[in-house]
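Please read it alongside the sequence and the coordinates.

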Amino acid sequence: MMVMDRSNRATAPTAPAPGAQAEATAEATAGVYGPLKISAQGVDVFYGDKQALKQVDLDIHENQVTALIGPSGCGKSTFLRCLNRMNDVIESARVRGTILLDGQNIYDRDLDVVTLRARVGMVFQKPNPFPKSIYDNVAYGPRIHGIGSGKAELDEIVATSLERAGLLKEVKDRLHEPGTGLSGGQQQRLCIARAIAVNPDVILMDEPCSALDPIATARVEELIDELRENYTIVIVTHSMQQAARVSQRTAFFHLGELVEVGDTEQIFTSPRDERTQGYITGRFG
Ligand SMILES: Nc1ncnc2c1ncn2[C@@H]1O[C@H](COP(=O)(O)OP(=O)(O)O)[C@@H](O)[C@H]1O
Ligand SMILES: [Mg+2]
């Protein structure tokens with residue numbers, strides 16, 4: 001099921017306008033995967049002179065979990081950061097190519113990056129709650145973005161976000177205690193609640209479980225599966241088991257290239273590229 005991302009373009013007789021190309025891709029894949037949310041086209045990233053990503057084309061579909069896998073240093077985090085322009089904050093980083101979010105290029109000069117990062121939220125490897133109360137952690141984004149006027153509305157947003165992150169029950173009696181006092185797994189779910197609170201479309205997760213114990217990991221994995229109903233999720237993981245458990249679609253990166261993308265089951269049972277085969281059978285990485 002990986003035909004579309006690449007072959008679509010490869011067989012186009014002449015280079016279509018970027019918009020037309022995106023439409024064609026959306027059309028070709030919509031029936032199989034549901035609506036297209038993000039379309040990355042010809043993405044190159046450089047850190048100084050060093051190229052970290054080479055001509056990456058990847059489509060990401062709504063209400064699905066897309067896993068990015070591959071050996072350390074292959075560019076997974078770099079690609080993830082392209083999707084909400086977090087590479088902008090890295091001095092030496094330069095991004096080339098097109099990334100469409102709902103058809104709009106997020107690298108357009110007139111695009112508001114703050115709004116973009118609310119639409120495309122991020123959860124990091126190490127849980128990083130602010131040194132504030134649980135309540136204020138979740139209310140932080142809505143306050144900045146002016147979402148929710150008045151206390152009642154903000155209370156509601158905080159409760160709903162914690163509920164969606166599967167944390168409300170555990171913390172409802174201590175909302176005004178520090179977020180940093182929670183366990184690691186709870187802190188990570190708090191960070192997910194914080195991302196949800198600004199009502200994003202997409203949630204990016206960079207190895208969100210790698211600092212967690214197996215029980216907390218299982219809880220976050222369950223949560224990811226629930227969240228997919230309302231959000232589009234892109235997760236970087238170094239655990240192939242995790243990719244297999246949580247994602248519907250998997251993209252394999254190697255040395256800055258996107259080698260192969262397809263249904264998760266296909267990638268893990270019948271990869272088409274021998275590099276993918278090598279990685280999933282543990283020959284490298
Ligand atoms: N801030 C940075 N400055 C310079 N080089 C970087 C930076 N971040 C990543 N790189 C380099 O880019 C390549 C891809 O890194 P990364 O995206 O972190 O890979 P992964 O997440 O797959 O481990 C690596 O060679 C890494 O050393
Ligand atoms: Mg990484």
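## A helix pair

In which hand, right-handed or left-handed, does H5 pass H8? In this predicted model, the crossing of H5 past H8 is right-handed. Helix H5, which covers residues 134-145, packs against H8 at an angle of about 30°, and the two axes are 7 Å apart. On the H5 side the contact is formed by Ile 134, Asn 137, Val 138, Tyr 140 and Gly 141, which meet Leu 190, Ala 193 and Arg 194 of H8. Sorted by class, this contact of H5 with H8 comprises five nonpolar, two polar and one charged residues.

The buried residues of H5 are Ile 134, Asn 137, Val 138, Ala 139, Gly 141 and Pro 142. Besides H8, the buried residues of H5 pack against helix H4 (113-119), helix H6 (151-164) and helix H7 (168-171). Just after H5 comes Gly 146, whose phi is positive, at about 65°.

## The chain as a whole

The chain contains twelve helices and ten strands, and of its 285 residues 45% are buried. Among the contacts in the chain with a separation of 6 or more, 68% are accounted for by residues 24 or more positions apart.

## The six-stranded sheet

Six strands form an open sheet with mixed pairing, in the order S6-S7-S8-S3-S9-S10. Its edge strands are S6 (120-123) and S10 (257-263), each of which pairs on one side only. From one strand to the next, the twist averages 20°. Helix H8, residues 184-196, packs on this sheet, where H8 touches S6 and strand S7 (202-206), and the direction of H8 makes about 170° with that of S6.

In general, the strands of a sheet pair through backbone hydrogen bonds, in either a parallel or an antiparallel way. Strand S9 (residues 249-254) and S10 pair in the antiparallel sense, over six bridges, and Arg 249 stands opposite Asp 263 in S10. The hairpin of S9 and S10 has two residues between the strands, and in this hairpin Leu 255 takes a positive phi near 50°.

## The shell around ligand 1

Which residues are found around ligand 1? The residues around ligand 1 are Tyr 47, Ala 52, Gly 70, Ser 72, Gly 73, Cys 74, Gly 75, Lys 76, Ser 77, Thr 78, Ile 90 and Ser 92. By class, the shell around ligand 1 divides into four nonpolar residues, seven polar ones and one charged. Helix H3, which spans residues 76-82, supplies the largest share of this shell, with three residues.

## A glycine between H2 and S1

Gly 34 lies in the loop between helix H2 (18-33) and strand S1 (36-47).

When its neighbours within four places in sequence are left aside, Gly 34 is in contact with His 61, Glu 62, Asn 63 and Gln 64. For one of these pairs, Gly 34 and Gln 64, the separation in sequence is 30 residues, while the C-alpha to C-alpha distance in space is 8.7 Å.

Note on methods. Residues numbered from 1 in each chain as written. Chains lettered and ligands numbered in written order. Predicted model: local features only at pLDDT ≥ 70, side-chain atom pairs only at ≥ 80, totals over all residues. Helix = DSSP H or I, 4+ residues; strand = E, 2+ residues; numbered from the N terminus. Buried ≥ 20, exposed ≤ 12 C-beta atoms within 10 Å, placed from the backbone. Contact = placed C-beta atoms within 7 Å. Near = placed C-beta within 6 Å. Nonpolar A, V, L, I, M, F, W, Y, C, P; charged D, E, K, R; others polar. Pairing = 2+ DSSP bridges. Axes fitted to C-alpha atoms, helices over the stretch in contact; angles between N-to-C directions. Left-handed = near helix turned anticlockwise from the far one by under 90°.
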